[in-house]
Amino acid sequence: MTASHHPHDDSTTLDSTAHLMNRISSQLADQLSLVSLNGSRRPGPPALVLVAHGSRDPRALSTVRALVERVRELRPGLPVHLGHIELNEPSLPDTLTALGTTEAVLVPLLLARGYHVKQDIPEMAANAPARARVASPLGPHPLLVETLYDRLVESGWRTRMDDLTRRSSAVVLAAAGSRDPDSKLDTNHTAQLLADRLGVPVIPAYASASTPTVQTAVRALVARGRHRVAVASCFTAPGRFATQCAEAAPWIASAPLGAHPAMARLVLHRYDQAMATQVRTKPELASA
C-alpha cells in the first residue's frame, strides 16, 4: 500500500505570507514615521481612549475589548486604550492617570449626546494629568446605521421584500434613553437614517428615562397595521437594557452593535474629527 499525499495549497501559503509581510511593512512604516530626518524621535500621535459605560454583564467587557482590538488592527501605529465610566475596570480616571501628561482623544462608545458625554467624561478628563479632549459620541452617523442594518439582517430581516410584506413591516429602534433633549434628537436622527435605509417606519423607543418604551412603540405600530415588528438594538454591548428590549420584541431582535467593522471605523472617524478640529483651532495656524 502506498501512502497518499495531499496536494499542498500554495495559494493559502502565499496569502498567509503576503498578509504577514503587509503587517510587518505597516508596523515598520509606523516606526519610521516617528523618526525625523535628523534621527531624532518625533512625538507619536495622541492616544485614542475608547470610553465605555460599563456593565455588570460580563459579555459587555469582552465585547468592548474585541472592539478595541479591531480598532488597533485598523491603525497599528496608534496607541489605543480602554476606560470605563463605571462598573468595570479599567476606570477612565485610572486609564488617563496611566497615560501621564501625554495627549489623548476620548471617544465615547455612546450613541447620542447626554449627561455622560456632556458632564461625566469631560469632568474626568479635566481632572486627569493627561491633556485630553472629548470627541463626539458615535451617533448619529451612517456607519452606525450600517451596523444596525447588518445586525438586523443577521437576525432574520429580509433584504428583499414584496410590497405586501413591506407594508406590514416596521422596526423599533431600542436605545438606552436620557432626560437630555439632545439625546432624543440624536436617536430620532438615527431612526430616520435607518428608516431611509430599510424603507419601512422606524420608531425610536427607550429602556429608561424617556418615552415611549419598546412595548408602547410596538403597540403603536401594530395599531397601524404593522404586524412584523423587529427591534433594532441600539446598544454598544450586551447588558440589562439590551436584554430587556430584546425580550419585548414580538418578532425578531438584533444583537447589540458590538465589534462590527463599521463600529471600529466609526471610532477612528470620531478620533480623526477631533484631531482635525484641534488643528484648525491652533493659534499659530489661525494667525498665519
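These are my notebook entries on a predicted protein model.

**Entry 1: ground rules**

I number residues from 1 along each chain as its sequence is written. Because the model is predicted, local features need pLDDT of at least 70, side-chain atom pairs count only at pLDDT 80 or more, and totals for chains, interfaces and linings use all residues, while side-chain values use heavy atoms, with hydrogens and water left out.

**Entry 2: the whole chain**

I looked up the secondary structure and found 11 helices and seven strands in the protein chain. Helices (H or I, at least four residues) and strands (E, at least two) are DSSP runs, numbered from the N terminus. Of the 288 residues in the chain, 45% are buried. Buried means under 20% relative accessible area, exposed over 50%, and partly exposed in between, with a 1.4 Å probe and protein chains only. I also looked up contacts, which means heavy atoms within 4.5 Å. Among contacts with a separation of 6 or more, 74% join residues 24 or more positions apart.

**Entry 3: confidence**

I checked pLDDT, the predictor's confidence in each residue, from 0 to 100. The chain averages 88, and 82% of the residues score at least 70. Over residues 1-14 pLDDT stays under 50, and the model has one contact beyond four places in sequence for this stretch. Residues 281-288 also stay under 50, with one contact beyond four places in sequence. I note that where pLDDT is low, the predicted coordinates should not be read in detail.

**Entry 4: helices α5 and α7**

At what angle do the axes of α5 and α7 cross? I found that helix α5 (residues 142-155) and helix α7 (residues 181-198) have axes that come within 10 Å and cross at roughly 55 degrees. Axes are lines fitted to C-alpha atoms, for helices over the stretch in contact, and angles run from 0 to 180 degrees between N-to-C directions. The angle therefore makes α5 oblique to α7. Angles under 35 degrees count as roughly parallel, over 145 as roughly antiparallel, 65 to 115 as roughly perpendicular and the rest as oblique.

The crossing of α5 past α7 is right-handed. A crossing is right-handed if the near helix is turned clockwise from the far one by less than a right angle, and left-handed if anticlockwise.

I then listed the residues that meet. From α5 these are Leu144, Val145, Glu146, Leu148, Tyr149 and Leu152, and from α7 they are Thr190, Leu193, Leu194, Arg197 and Leu198. By class, this contact has eight nonpolar, one polar and two charged residues. Ala, Val, Leu, Ile, Met, Phe, Trp, Tyr, Cys and Pro count as nonpolar, Asp, Glu, Lys and Arg as charged, and the others, Gly among them, as polar.

**Entry 5: Leu193**

Leu193 counts as partly exposed because its relative accessibility is 26%. Leaving aside neighbours within four places in sequence, Leu193 is in contact with His141 and Val145. Leu193 and Pro140 are 53 residues apart in sequence, yet their C-alpha atoms are 8.5 Å apart.

Is Ser233 buried or exposed? Ser233 is found in strand β7 (residues 228-233), and it counts as buried because its relative accessibility is 5%. Not counting residues up to four places away in sequence, Ser233 touches Leu148, Ala174, Ala242, Ser254, Ala255, Pro256 and Leu257.

I followed that list to Ala255, in the loop between α9 (240-247) and α10 (261-281). Ala255 has 39% relative accessibility and so counts as partly exposed. Apart from neighbours within four places in sequence, Ala255 is in contact with Arg151 and Ser233. The C-alpha atoms of Ala255 and Ala237, 18 residues apart along the chain, are separated by 8.6 Å.

**Entry 6: backbone details in two loops**

Leu87 is placed in the loop between β2 and α3. Leu87 has phi near 75 degrees, a positive value in a residue other than glycine. At 45% relative accessibility, Leu87 counts as partly exposed.

I then looked up the loop between β6 (202-206) and α8 (214-223), where Pro212 lies. The peptide bond from Thr211 to Pro212 is cis, with omega near 5 degrees. Ala209 is found in the loop between β6 and α8, and has a positive phi of about 65 degrees although it is not a glycine. With a relative accessible area of 42%, Ala209 is partly exposed.
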